[in-house]
Amino acid sequence: MTQEKTVESIISGFTASILREHFGKGPSSVYVTIYKSFVCIQIRDFLAPMERILLDQNEKNRVLKTRDLLMVELMAEFKRNFWKQADLDVMELYADWNLDDHSGMILGVLEEPKSHKLRWPEEVDETELRKEVIRLSIAGQKEPEETNFFWLNDRTLLIERIGIFTLLEKELIKNEFQEALKLAKRPLEYMLFAESEVPTIVNRPLIGSYVDWDFEEDKGYALLAFKK
């Protein structure tokens, strides 16, 4: 347990440093969870001064697009720090931001999963949760070929969906409209989760949702944060 806490502290430290160096301001808090194949980094109070000005001018999409582009550039630096400082081989990185409450999520997918006991809250009906998430997926795009759940802790649910893009979305991806697709899909996903039965099923109020996709591999992740 001590070793895990040390690794989490190391990841929290270099995450705050990287964001501060490249955005001009670091987050006030960084909370790290490592479970199975995933490293989840939850960020609070993160908004650069220039971004605040852009938001005041209703330029939300410009801020999101800039962050997306910068995170692509920072992926190699994050992966290098995961390997050198935390001895973790991170193969994939995902990120999303809630500009309304200045929070964010960075998700790393490991090459080799860590050994952890399976977590599933006793009060949560997995069958009902799966039905609801599939219903939301159909409403937003189509039924995934595969849907997986990972409770990172009792307040954080990670949903992995594979085989999710429609033919139209695949054509947009083929024609390099990934960023436009991402900017369009994010608010739709937020709305679907906010208006869903998921909070009722898991018996927890939903306080935040974050989404990102691997357009080449046809899969996506949704991180749901709950108030316990």
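1. Ground rules. Residues are numbered from 1 along each chain as its sequence is written, and side-chain values use heavy atoms, with hydrogens and water left out. In this predicted model, local features need pLDDT of at least 70, side-chain atom pairs count only at pLDDT 80 or more, and totals for chains, interfaces and linings use all residues.

2. Largest pocket. Its space comes to about 510 Å³. A pocket here is an open set of points on a 1 Å grid over the protein atoms alone, where a 1.4 Å probe fits, with protein on both sides within 12 Å along at least five of seven lines. The volume is the space filled by probe spheres set on the points, which are joined across faces, edges and corners.

3. Its lining. There are 20 lining residues, meaning residues with an atom within 4 Å of a point. Val-72, Met-75, Lys-182, Asp-212 and Trp-213 lie nearest the centre. At least two residues each come from α3 (60–86), β3 (90–98), α6 (178–194) and β7 (206–214). Helices (H or I, at least four residues) and strands (E, at least two) are DSSP runs, numbered from the N terminus. α3 gives the most, 7 residues.

4. The lining has 10 nonpolar, 9 charged and 1 polar residues. Nonpolar covers Ala, Val, Leu, Ile, Met, Phe, Trp, Tyr, Cys and Pro; charged covers Asp, Glu, Lys and Arg; the others, Gly among them, are polar. The largest pocket lies between domain 1 (7–110) and domain 2 (126–226), because both give residues to the lining. The domain bounds come from an automatic or database domain assignment.

5. Second largest pocket. About 310 Å³ of space lies here. Of 16 lining residues, Lys-60, Asn-98, Asp-100, Pro-187 and Tyr-190 lie nearest the centre. α3, β3, α6 and β7 each supply at least two. The largest share, 5 residues, is from α6. By class, 9 are nonpolar, 4 polar and 3 charged. Domains 1 and 2 both contribute to this lining, so the second largest pocket also lies between them.

6. Helix pair. α4 (residues 126–140) packs on α6 at about 145 degrees, with axes 10 Å apart. Axes are lines fitted to C-alpha atoms over the stretch in contact, and angles run from 0 to 180 degrees between N-to-C directions. Leu-136, Ala-139 and Gly-140 of α4 meet Leu-188, Leu-192 and Phe-193 of α6; contact means heavy atoms within 4.5 Å. These contact residues are 5 nonpolar, 1 polar and no charged.
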